[in-house]
Amino acid sequence: MPQEWEQLLGVQWPSNACDRSGECCRGAAQAAPWENLLKNAAEGDLTARAFLSQFIPYATLEEANQNAPHAVQASTEIAIARNINPQDLIFYHCRYLQGKSDCQVYEDRPALCRDFPESPFGAIPACCGYYPVAQSCLSSIETLKQELASLKDKQNALNSTDSTKF
Ligand code: SF4
Ligand code: SF4
């Protein structure tokens, strides 16, 4: 079933865009420190538990960059856009990945993987098959914002003209 943003923008993810490169599997990011995730998981946070049961943190950013440069770049850009310090990002790789791109549980992979990318606003690596559609969505959103701003200006101009009449 199409999601709300898909209907609004008149787009749909292509059904066969994933070439199973494994870039997203090698470069998942969290802004919360690993210890915080552990604490949350221990306190019963199911999202943190699910994430930690699947992903293993890289020892260093350099290691993450070597394994998933496009994913690291995408998350870094999103962090900056959301006023999050990119230095706070922790990168992870999936324990079910064998080699660079062979998912050991592909037919039964978690919902997080089946639903990736959830929206065009997330960290989508530039090498990903979904990237061009996501960029096109973001560009449509920018156009809609500009049209909305222009309509607001016109509305304000009309309102100020009206207020001069009696
Ligand atoms: S980065 Fe994109 S193309 Fe590569 S495995 Fe992930 S979803 Fe598929
Ligand atoms: S479960 Fe498979 S598809 Fe999902 S992140 Fe791990 S290796 Fe990738």
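How far apart do the C-alpha centres of domain 1 and domain 2 lie? In this predicted model, the two centres are 30 Å apart. The domain assignment of the protein, whose bounds come from an automatic or database source, gives domain 1 as 1–17 + 129–166 and domain 2 as 21–127. Residues are numbered from 1 along each chain as its sequence is written, while chains are lettered from A and ligands numbered from 1 in the order in which they are written. Local features need pLDDT of at least 70 and side-chain atom pairs count only at pLDDT 80 or more, whereas totals for chains, interfaces and linings use all residues.

Six residues of domain 1 are in contact with six residues of domain 2, contact being taken as C-beta atoms, placed from the backbone, that lie within 7 Å. On the side of domain 1 that touches domain 2, the largest share, four residues, comes from helix α8 (residues 131–163), where a helix is a DSSP run of H or I with at least four residues, numbered from the N terminus. That side of domain 1 has six nonpolar, no polar and no charged residues; Ala, Val, Leu, Ile, Met, Phe, Trp, Tyr, Cys and Pro count as nonpolar, Asp, Glu, Lys and Arg as charged, and the others, Gly among them, as polar.

The axes of helix α3 (residues 34–42) and helix α4 (residues 46–54) come within 7 Å and cross at roughly 120 degrees, the axes being lines fitted to C-alpha atoms over the stretch in contact, with angles from 0 to 180 degrees between N-to-C directions.

Around ligand 1, the residues include Cys18, Arg20, Cys24, Phe116 and Cys128, each with a C-beta atom, placed from the backbone, within 6 Å of the ligand. By class, this shell has six nonpolar, three polar and three charged residues. Arg20 lies in the loop between α1 (4–9) and α2 (23–26), and its phi is near 55 degrees, a positive value in a residue other than glycine. Phe116 is joined to Pro117 by a cis peptide bond with omega of about -10 degrees, and Pro117 is placed in the loop between α7 (111–114) and α8. Around ligand 2, the shell has nine nonpolar, no polar and one charged residues, among them Cys25, Cys94, Cys103, Arg109 and Cys113.

Terms used: Helices (H or I, at least four residues) and strands (E, at least two) are DSSP runs, numbered from the N terminus. Two residues are in contact if their C-beta atoms, placed from the backbone, lie within 7 Å.
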